[in-house]
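Me: Could you take a close look at a single part of this model and describe what surrounds it? I would like one connected account, with the cut-offs spelled out.

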Amino acid sequence: MEYSTEITWTDFAGLLDGQVHVYACDIATLDIKDLLPLLTKEELTRAKSFRQQADAERFSTGRVITKKLLGYYGVMDPSAIIIEPGDNGKPIAYADTPAVLPFFNISHSGNKVLIAVSNDPVGIDIEQVKNIELEVLAETVFSSREFHLFKTADNIINMFYKLWTRKEALLKSVGVGLLDDLRTIDISQKVDTDFVKAFTHQQLALLSFAVNDEYGQYFASICYPQNKPLRFIKLTNELLSQL
């Protein structure tokens, strides 16, 4: 399994130039209060509908920074960008003025938000490690080969979250919602090409990495076009103000 904790992070955005950019931010330290006017009335209503304040903050943070990033790459006012659910619930963005926007995908868990931006469809998933009954869940979502990797791993917690986030990232990349039986997809060695070819002719790759801090342990995976280099960017308050 390809698994990297040696990700090189930068705090500079730059142009896409055929790359896939992966942004990570910490909700607890990112100041978005001046960006809240970017939220539409519908988005504000949705944020208020969450029972938990943390869920509302994750949603609001994800929306405003996505609009800021897409505005940066599309060279346009982020307030003109509209984000709506697309096919199978995957968010899509468009502008109320002529503009070419890149593809994006977003995932959040705990205090972390990840956003992938590319000129091609991508999928990203992050999960905070939680104290749950892993084996029971693994039996319902992993293929036989994936389950074998999970059961024989030196660290079954790490392996569970690697496999789970990879599967989620792959599904999001091709624009498919959760399947009735996730065990029909196998990413134990690489991308499940038999599954992917029904949705795209592109060759896809998977990369998993850790995003940890003093508040918790996280695992993440991204599914992206195989020929695209990845660039990992920390979205700080300083960088956010420059976009």
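Reply: S107 lies in strand β6, residues 103–109, where helices (H or I, at least four residues) and strands (E, at least two) are DSSP runs numbered from the N terminus. This is a predicted model, in which local features need pLDDT of at least 70 and side-chain atom pairs count only at pLDDT 80 or more, while totals for chains, interfaces and linings use all residues. Residues are numbered from 1 along each chain as its sequence is written, and side-chain values use heavy atoms, with hydrogens and water left out.

S107 counts as buried because its relative accessibility is 6%; buried means under 20% relative accessible area, exposed over 50% and partly exposed in between, with a 1.4 Å probe and protein chains only. A polar atom of the S107 side chain lies 3.0 Å from the backbone nitrogen of I126.

D17, in the loop between β2 (9–10) and β3 (20–26), is exposed, with a relative accessible area of 64%, and has a positive phi of about 45° although it is not a glycine. V75, in the loop between α2 (53–74) and β4, counts as exposed because its relative accessibility is 74%, and its phi is likewise positive, near 50°.

Note on methods: A polar contact is a pair of N or O atoms within 3.5 Å; within protein, one must be able to donate a hydrogen and the other to accept it, and residues adjacent in sequence count only if both atoms are side-chain atoms.
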